[in-house]
Amino acid sequence: MELECAAQHYDWGKKGMTSSVAQLIKSSSPEVKIDDDKPYAELWMGTHPNGPSFIKTTKESLAEFVSKESNSHILGDKVTEIFGNTLPFLFKVLSVDKALSIQAHPAKDHAAELHKLFPAIYKDPNHKPELAIALTPFQALCGFRPTQEICYHLKSIPELVALCGDQDVVNDFLNHCQDNDDAKTHLKKCFKALLTYATTDGNSNIVAQQLSNFLNRLSQMDNDSREKLNGNLFERLHKDFPGDIGCFGIYFFNYITLEPGEALYLGPNVPHAYLFGDCIECMACSDNVVRAGLTPKFKDVPTLIEMLSYESQSYDKFKPERLNEFTETFKPPIKDFAVNKIEVTGSCNFIPVNSPSILIIIHGSAKITDKVYRRGSVLFIAANVELTVTNLDEDKTLIFQACANV
Ligand code: ZN
């Protein structure tokens, strides 16, 4: 069944036809007018109430369709047994022009606890693991850097150290950064001191002043020193988020660029921020985000400090497993979702999956069973259905398929 999906116009999205989201919408539905001045940040494919998908022919919402008892065979036995009559994942395309907030997502038990205590902030009891697969070179911050790198930054940036309040905390960390277990404890204290000081009422002017002092110093550095401190990135973030303590986040977190087809998996408590580029994203159905910076939204510093993983190491990209000559699968260690990347040159039979799935054509066009679908088409497939896909593009058709990982 072909789906009609909702675009989200968050202000960090790429504008008009520069956005992959807008391009995909325009290609599959040429009648839709794309507004050049409007950001097209996300395309949502699934049943989430904030951006539900509809079945194109009947206009019924997908959420309603899958929740019907008479349709439970469509979800498959495993999914109904574990998740009930719901789709356990939300599938997205993201087109990022400006950083999203530095954030982390709670583990399942913690999410349930936060939801019980603060239902207005943490709106559901579910965890929110995320998988991002790059469509264009995709920049992100992810996990704490190796401690030696953080030490180098603290030694090179007195403006940052000044915002940690208690200087003993910084010195303790610098003295212990070679020793693995101790380093973690001291990194936590140091990061806590920074975020607590920076978000204390009345300190926002001091934060803005130190950021601007550092900006001035960067502008006078030679190219080599600037590069060592990711000067261009810092300036870009500060232009978009002036006075925001999150700009200094790049000195604590790994800065990575994914090439198209490379992926990032974010389990619970891993600090991260998407900075720029287009990607496919899949996540468990949840809204639970704890934010730290690069955002005007609410920052829950005490919760974040306690929950974060202070594992500090360079970040490993998430590797797919090859299933056959057309298909690679990204299978995270959770049941909520997995994503297949399928490249069809001639004709192929899709490997049937034991859960419902949603697929999107990202490049090319294809005949699927007996109908032709263009780039941007989104289809909902029932569990255990066999599909034959024939490429109609002169090159190849690229399809991403999200399913449950059961
Ligand atoms: Zn996230």
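Start by selecting helix α12, residues 231–240, bearing in mind that this is a predicted model, in which local features need pLDDT of at least 70 and side-chain atom pairs count only at pLDDT 80 or more, while totals for chains, interfaces and linings use all residues. Residues are numbered from 1 along each chain as its sequence is written, and side-chain values use heavy atoms, with hydrogens and water left out. Helices (H or I, at least four residues) and strands (E, at least two) are DSSP runs, numbered from the N terminus.

Within α12, colour G231, L233, F234, L237 and H238, which are buried, meaning under 20% relative accessible area, where exposed means over 50% and partly exposed lies in between (1.4 Å probe, protein chains only). These residues cover an arc of only 160° around the axis, which puts them on the same side of α12; the arc is that of the directions from the helix axis to the C-beta atoms. On the other side of α12 you will find N232 and K239, both exposed.

Rings of Phe, Tyr and Trp (its six-membered ring) pair if their centres lie within 6.5 Å, and planes under 30 degrees apart count as stacked, over 60 as edge-to-face and the rest as tilted. F234 lies in α12 and F248 in the loop between α12 and β9, so this pair ties together parts that are 14 residues apart in sequence. By the ring rule the count comes to 15 aromatic pairs. One of these joins F214 and F248, whose ring centres are 5.8 Å apart with planes at 45°, so the pair is tilted. Because F214 belongs to helix α10 and F248 to the loop between α12 and β9, that pair links parts 34 residues apart in sequence. Relative accessibility is 0% for F214, for F248 and for F234. A separate selection of F144, F191, F252, F253 and Y310 shows one aromatic cluster.

Now move to strand β8, residues 138–144, where seven of the seven residues are buried, so the strand is largely enclosed by the rest of the structure. β8 pairs with strand β9 (residues 253–258) in the antiparallel sense over six bridges, two strands being paired if DSSP finds at least two bridges between them. Select L141 to find its bridge partner in β9, Y255. β8 also pairs with β11 in the antiparallel sense, over four bridges, and here C142 stands opposite H272.

From H272, step to the zinc ion, which is coordinated by Q103 (OE1), H105 (NE2), E130 (OE), E130 (OE) and H272 (NE2), at 2.1 to 2.6 Å. Donors are N, O and S atoms within 2.8 Å of the metal (3.2 Å for Na, K and Ca), and water is not among the atoms, so sites may look incomplete. H105 lies in the loop between β6 (102–104) and α5 (108–117) and E130 in strand β7 (residues 130–134), so the pair ties together parts that are 25 residues apart in sequence. Both are buried, H105 with a relative accessible area of 1% and E130 with 3%.
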